[in-house]
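Here is a walk through the model, one chain at a time. Have the viewer open and follow along.

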Amino acid sequence: MKNRIIIYSILLLALTACEEKIVNQFDDAPSLFFNRTNYMNAQNDSTSYSFFLAPGGTTVDTVWLDVRLSGLPTGQDRPLPLVQLNAGDSMAAVVGTHYALPASPVMPALAVSTRVPVAVKRVSEMDTSEFRLIVGFTASEHFVAGVKEQATYLVKISAMAVKPVGWDDYYNATFGQWTQGKMRFLIDYLNYTDFDQSLVDTNTSMYLRLKVNALLAAYEEEHGPLYEADGITRVIFP
Amino acid sequence: MKKIITLLLAASLAGCVEDTGNYEYLAPDEVSPVILSTLEDSYEAISLEQLVIDPEIKGGDNLEYAWYIYPTLLASAPRDTISHDRKLDYTVTARSGSYYLVFKATDKEHGTSVYQHSMLSISSIFSKGFYIHKHVNGRADMDFVDRDGAVSANILKQVNGDDLPGKPLRASYLNNAYRYEVTDAAGDVTKETAPVYILCTDEDVSIYHADNMQLIRSWDEIFFEVPAVKKPQGIWASMDGFMLLNNNTLQFMQFNTYGNGLFGYPYPSGDYRYAPQAASGYSGYCVFDEVAGTFLGYYPRIKAPMTEVNPAIPPGHNYYDYDLLWFRSQPLYLYVAQNTFAIIKSRVDNSALIVSPWPHYLQSNYFIIGGEYPLAAGLGLLDGKVFTCHGGGAGYGHNVIYYSTGDNNVHYYNITNQMTKTAAITLPVGEEIVYLEHVYDFYYGVNFFYVLANKGGDWFLHVYDMEGATPDINPTAVATHTGHGAAVNAVYRHPDMHMNF
């Protein structure tokens, strides 16, 4: 009897070793998450929008949310259950006043991603304050709760000068240390607003440096020295 | 039952037994192709000409072939398959440079391959020879004298269908460092690197691909912002870029990995009036301000010119209130300019000097004037209109300045012993010398002299050997070439020489 058990065990092991493994196909319920782009080796979980960087007079602009699908696409548009998660909190953006979401955003048929426009609106308080909009998804008949770490996205809205993320790495050599007054001059006179670039080309850097110095010299000839908001610190470029 | 179990067990376990095989082994020469001939150690080819290699193969009915090349300096670069035939008959379209050449024969039945390796050096027809810059009826073009002495006239018009307006001022050749953006039909932008030849006339500037002289950038495409006034006055090359003098403003183009091949914002010219002569070095430039009569140093990463001179190196000061007679760098090898000479004459007492402002090391916020050599009054050198200097410089060549008064004679002045040698070369009567050059490369041993002259609407190029390692020139021309048009100057290009200033 003991031998039979051993023999059958060996036989069973030998035969099962040859069994083909069947990989389960994805059959989970679809969910949504916010794509976080990799910017300068960091995963973005938020966007800072400042009207300071927009052309003068801009009162409405658009911030795009990159929404991704986990699961299978379908043949029909599916409503995106986007909601504000921080309504009523201190410094929370107020719908209609500071922002607006599209009325009926959808995940298009056969798509696995979509971009949702968020209209941001300028108010005077933004000159000194920052308003926060945290968006997320509610459960719906089409989607279940998705990846927890990417289930929300923060949009910060202001009109204040914000130091660009890559300034110290890519702009110091061209424009010197960051200041609000310097930033304003770059935007208004050099018309330079794309601070997401990695400014590593010395030829371009020198072109910008010489030009901004020439523009500042022309400004000062007409208006006198340019100062920061404190009225003491003079705006200069290297 | 036991038998059945045993059989099943045996059958299932047999699948795990290592298959040691039972094959018939053949000798390699029975299954691999056999190349009977041997490739040469190296081959030389000219761009757009045929490269033919005919290897001998044993058998061959069941073989397939591949010839491919890849750059020696970048072994990881993709291989370029240039033929699938046994006999290579290749129109050389790869860029100039050195390559590994590989011939591969594969037995289709057995899948076995054999290889032979060689070296391939590709040079352009334009990579060795003289570029004569000339003008006819207000249009500028180049005649090219190739390595065999054949003269191709008007190559800009021949290659591009158009020449340039104006009279040639200066031109520079710079090998593989110019990077520029190319937009394809789909709108995608890629960056190309090319050896380039830049020509500046008094009305225009264009950049040509130095392998085929095709126009790659015209005036409207070489600036971040196209200048409002188009009045070019000269172009100079350094190791990593160009300096353009246009309408009395200086603009620089720096080469680097991320570069875009554009001239930057003009430096403020203030009260300066730049002389159309300059000297360049590694990455810096020395120019002369005709208003103050002084030298200025420019380093394209510092936003203002330098007027200060390193006080630790004699004479340790800059010069003011001088007129400039002549100014240029002295080539040594590769991208290196060893010395720079300028002849200046005081506005105060009319005394004349040779000085050596160095364009190197300008990133230190000062430049160097590395020597001062007083010139005796009445010296023939001071009557010169056309000048050049001996290549090399301190420790390599001779501190000698060759000159002509614009007639048919070449003289030289030796700074070291203050001796003048007159009529070192005499051209045929009636020829008027417009350009002199000592072609020298310390590293590759290039060492000869040429004289460019005009007569009766034609140009004449005379080439001479040097007398060994002396500054003397063997006065018997080893070659003379001629063409139509009024020549202004010339560039000699050699495959191993990286640039001219």
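Let's settle one term before anything else: a residue is buried if 20 or more other C-beta atoms lie within 10 Å of its own, exposed if 12 or fewer, and partly exposed in between, with C-beta atoms placed from the backbone. By that count, buried residues make up 41% of the 501 residues in chain B. In chain A, 19% of the 238 residues are buried.

This is a predicted model, where local features need pLDDT of at least 70 and side-chain atom pairs count only at pLDDT 80 or more, while totals for chains, interfaces and linings use all residues. Residues are numbered from 1 along each chain as its sequence is written, and chains are lettered from A, with ligands numbered from 1, in the order in which they are written.

Chain B carries three helices and 34 strands (DSSP runs numbered from the N terminus: helices are H or I with at least four residues, strands E with at least two). Its C-alpha atoms fill a box of roughly 125 × 50 × 45 Å along the principal axes.

Now for chain A, which has five helices and twelve strands. Its domain assignment (automatic or from a database) gives domain 1 (31-158) and domain 2 (167-223). The centres of these two domains, taken over C-alpha atoms, are 31 Å apart.

Zoom in on helix 4 (residues 180-188) of chain A, whose buried residues are A:Lys182, A:Met183, A:Phe185 and A:Leu186. They sit on the same side of helix 4 because they cover an arc of only 160° around the axis, judged from the directions from the helix axis to the C-beta atoms.
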